[in-house]
Amino acid sequence: KSRLIILKKPKPFKSKSLIHQISFNNHIFQQHYGVFSAKNIDYASQFFINHLGIKKSDKKILDLGCGNGILAYYSRKENQTAEIHLLDDNYLAIESAKLNMMTNNNHFHFSNHLTDIENDSFDIVISNPPFHFEYETNIEISLQLFKDVKDILKGNGRFNLVANKHLNYKTHLERIFSKVEIAAENNKFVAYHCLK
């Protein structure tokens, strides 16, 4: 048995961009394909942007699980002089965040834990933490991150986050932080402000 293969002219190569754009609040955000919430800015992040709680006195800010960096971007708008750190365990997310954080004094960390970050070093940590792993709802990793966040906050540091309402994070946060307030909520999301 044999087969004869005759090759013709190759098809023309079509160049495709590996980066796509998302329009939000009259601004174009860029991100690589494969980064969370590819078609639009995640709805929890959209809600949280108005409740970040960034102060002018915050000298050092961490965006934990930064994704494309939208929370850090809006933190920069609130505080032009802060040292902003962005951390994610997805390399494409870090590269996407670099595309959206074009100003100085930004630091990017590719990691899935906080153990390499100096204790008592941040004024505020902001986050839209993950709770899905594959198809499973699992908050155990987030709860460990919350404990690690407390360690890296300064004495009067704050941890501000957004979460889906059904996760009921307040009970868990109150076991870790000295004060937990609901800064805002709607029918789907809750913005928590926690004090170390």
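**Notebook: cysteines, cores and surface**

I started with cysteine 194, because its sulfur lies 20 Å from the closest cysteine sulfur, that of cysteine 66, which is too far for a bond. A disulfide here is a pair of cysteine sulfur atoms within 2.5 Å. The model is predicted: local features need pLDDT of at least 70, side-chain atom pairs count only at pLDDT 80 or more, and totals for chains, interfaces and linings use all residues. Residues are numbered from 1 along each chain as its sequence is written, and side-chain values use heavy atoms, with hydrogens and water left out.

I looked up the disulfide count and found 0 in the structure. From the side of cysteine 66, the closest cysteine sulfur is the one in cysteine 194, 20 Å off and too far for a bond. I then checked burial, where buried means under 20% relative accessible area, exposed over 50%, and partly exposed in between (1.4 Å probe, protein chains only). Cysteine 194 is buried at 1% relative accessible area; cysteine 66 is buried at 5%.

Next I took the nonpolar cores, each a set of buried Ala, Val, Leu, Ile, Met, Phe, Trp, Tyr and Cys residues joined through side-chain atoms within 4.5 Å. The largest has 29 residues, and Ile70 and Tyr74 touch the most other members. I listed the elements that give two or more residues to this core: strands E1 (19–24), E4 (83–88), E6 (122–127) and E11 (189–195), with helices H1 (43–48), H2 (70–78) and H3 (91–100). Helix H2 gives the largest share, 5 residues. A second, separate core holds 26 residues, among them Leu64, Ile117, Tyr192 and Cys194.

I followed tyrosine 74 further. Leaving out residues up to four places away in sequence, tyrosine 74 touches Phe24, Asn25, Phe29, Ile49 and Leu52. Contact means heavy atoms within 4.5 Å.

The C-alpha trace spans about 75 × 40 × 35 Å along its principal axes. Of the 196 residues, 46% count as buried. Among contacts with a separation of 6 or more, 60% join residues 24 or more positions apart.

Last, I checked the surface and the charges. The chain exposes about 11900 Å², and carbon and sulfur atoms supply 51% of that, by the Shrake-Rupley method with a 1.4 Å probe. I found 25 positive and 20 negative side chains, the centres of the two sets 12 Å apart. Lys and Arg count as positive and Asp and Glu as negative, without His and the chain ends; the charge is placed at NZ of Lys, CZ of Arg, CG of Asp or CD of Glu.

Note on methods: Helix = DSSP H or I, 4+ residues; strand = E, 2+ residues; numbered from the N terminus.
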